[in-house]
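Let's take a walk through this protein together. Have the picture open and follow along as we go.

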Amino acid sequence: MCTAIISVEPSSPVPVVVVGVRDEFVAREWTGPGRHWPERPTLVGGRDLRAGGTWLAVEPDAPRVAVVLNGRGRMAPEAARASRGELPLRVAADGKLGALDLAVFDPFHLVGAEPDRVRLWSWDGETLTERELRAGLHMIVNSGLEGEGQQEGETEDAYMAARLAYFRPRFAAVPRPEPGPDEPVERAWGAWLPLLNGDGLPRADHRALLPLLDLGDGRVWGTTSVSLIALGSGGVRYDFSAAPGEGDAWSRVR
């Protein structure tokens, strides 16, 4: 996951909205949302076929969603490294991070959201921090909440800063979605949907929410999927696109 957008409005019938934009090498194999984990049979999410975990997991019965992003800091020893894809499964299932040997995980930002509470854990390879996300709009990228850990001279951080500068005021300026359980996606996500489809920016633009970059030697990196989650007292709504930027590619995950 490369960008997470979270809106918290406790007075709304849909108090928490979560957008997960997953960026990865496009050749890395994965499969779409489903119940892929027999040991956690109620969880729903896309599955990374290389490591077996996920970037975003939903527990419909809670309801609860967890999202992981790569972070910055000291990497775990290669011989002992564990996949960060386990983390959303754990938090979606249990509602907490629990006791972990964090030293085996590369740096991460991890969001755990329920209708009445949203938490953000950040691990830099040395220190774990936890905070609650209060009412308002929040954007998280690899350099942290609102890009707070941006490093001067880092090209990737400069791209993320440009993304935040372009998209954050646009999301804030339009009505917040309150997706109903049975509404078509266009009505459910309203004025956010054109932004979530890229707002017309070329995917190679350094401001792009849905980047797609040819790195040479056959390596292409960019957004491979987008997940939209609405959490309310009536349950969870989950919309998904495996063709980012294509307006007719959205489907409901039941």
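Which residues does His138 touch, not counting residues up to four places away in sequence? In this predicted model, the list is Ala4, Ile5, Ile6, Val8, Leu133, Leu145, Glu146 and Arg168. You'll find His138 itself in strand E10, which covers residues 136-141. Is His138 buried or exposed? With a relative accessible area of 12%, His138 counts as buried, because the cut-off for that is under 20%. Its side chain also reaches the backbone oxygen of Arg134, at 2.7 Å.

One of those contacts, Glu146, deserves a stop of its own. Glu146 sits in the loop between strand E11 (144-145) and helix H2. Its phi is near 55 degrees, a positive value in a residue other than glycine. Glu146 is partly exposed, at 31% relative accessible area.

Now step back to the whole chain. Along the principal axes, the C-alpha atoms fill a box of roughly 50 × 40 × 30 Å. Of the 254 residues, 52% count as buried. If you take contacts between residues at least 6 apart in sequence, 54% of them join residues at least 24 apart.

Next, the sheet. Seven strands form an open sheet in the order E3-E4-E5-E6-E7-E8-E9, with antiparallel pairing. Strand E3 (30-34) and strand E9 (128-132) are the edges, each pairing on one side only. From one strand to the next, the twist averages 15 degrees. Strand E8 (residues 117-123) and E9 run antiparallel and are joined by five bridges; Trp123, for instance, has Leu128 in E9 as its bridge partner.

Helix H1 (residues 86-94) packs on this sheet, touching strand E5 (56-59), strand E6 (64-70), strand E7 (108-114) and E8. The direction of H1 makes about 160 degrees with that of E6. Leu87, Pro88, Leu89, Arg90, Val91 and Ala92 are buried in H1, and the buried residues of this helix pack against E5, E6, E7 and E8. Just after H1, Gly95 takes a positive phi of about 75 degrees. Over in the loop between E5 and E6 you'll find Pro63, joined to Ala62 by a cis peptide bond with omega about -15 degrees.

Finally, let's look inside. In soluble globular proteins, nonpolar side chains tend to be buried together. Here the largest nonpolar core has 28 residues, and those with the most contacts inside it are Ile5, Val19, Phe171, Trp189, Trp192 and Leu228. The elements giving two or more residues to this core include strand E2 (16-25), E10 and strand E13 (219-232). H2 supplies the largest share, five residues. Apart from this core lies another, of 24 residues, among them Ile6, Val67, Leu231 and Val253.

Key: Residues are numbered from 1 along each chain as its sequence is written. This is a predicted model: local features need pLDDT of at least 70, side-chain atom pairs count only at pLDDT 80 or more; totals for chains, interfaces and linings use all residues. Side-chain values use heavy atoms; hydrogens and water are left out. Two strands pair if DSSP finds at least two bridges between them. Helices (H or I, at least four residues) and strands (E, at least two) are DSSP runs, numbered from the N terminus. Axes are lines fitted to C-alpha atoms, for helices over the stretch in contact, and angles run from 0 to 180 degrees between N-to-C directions. Contact means heavy atoms within 4.5 Å. Buried means under 20% relative accessible area, exposed over 50%, partly exposed in between (1.4 Å probe, protein chains only). A polar contact is a pair of N or O atoms within 3.5 Å; within protein, one must be able to donate a hydrogen and the other to accept it, and residues adjacent in sequence count only if both atoms are side-chain atoms. A nonpolar core is a set of buried Ala, Val, Leu, Ile, Met, Phe, Trp, Tyr and Cys residues joined through side-chain atoms within 4.5 Å.
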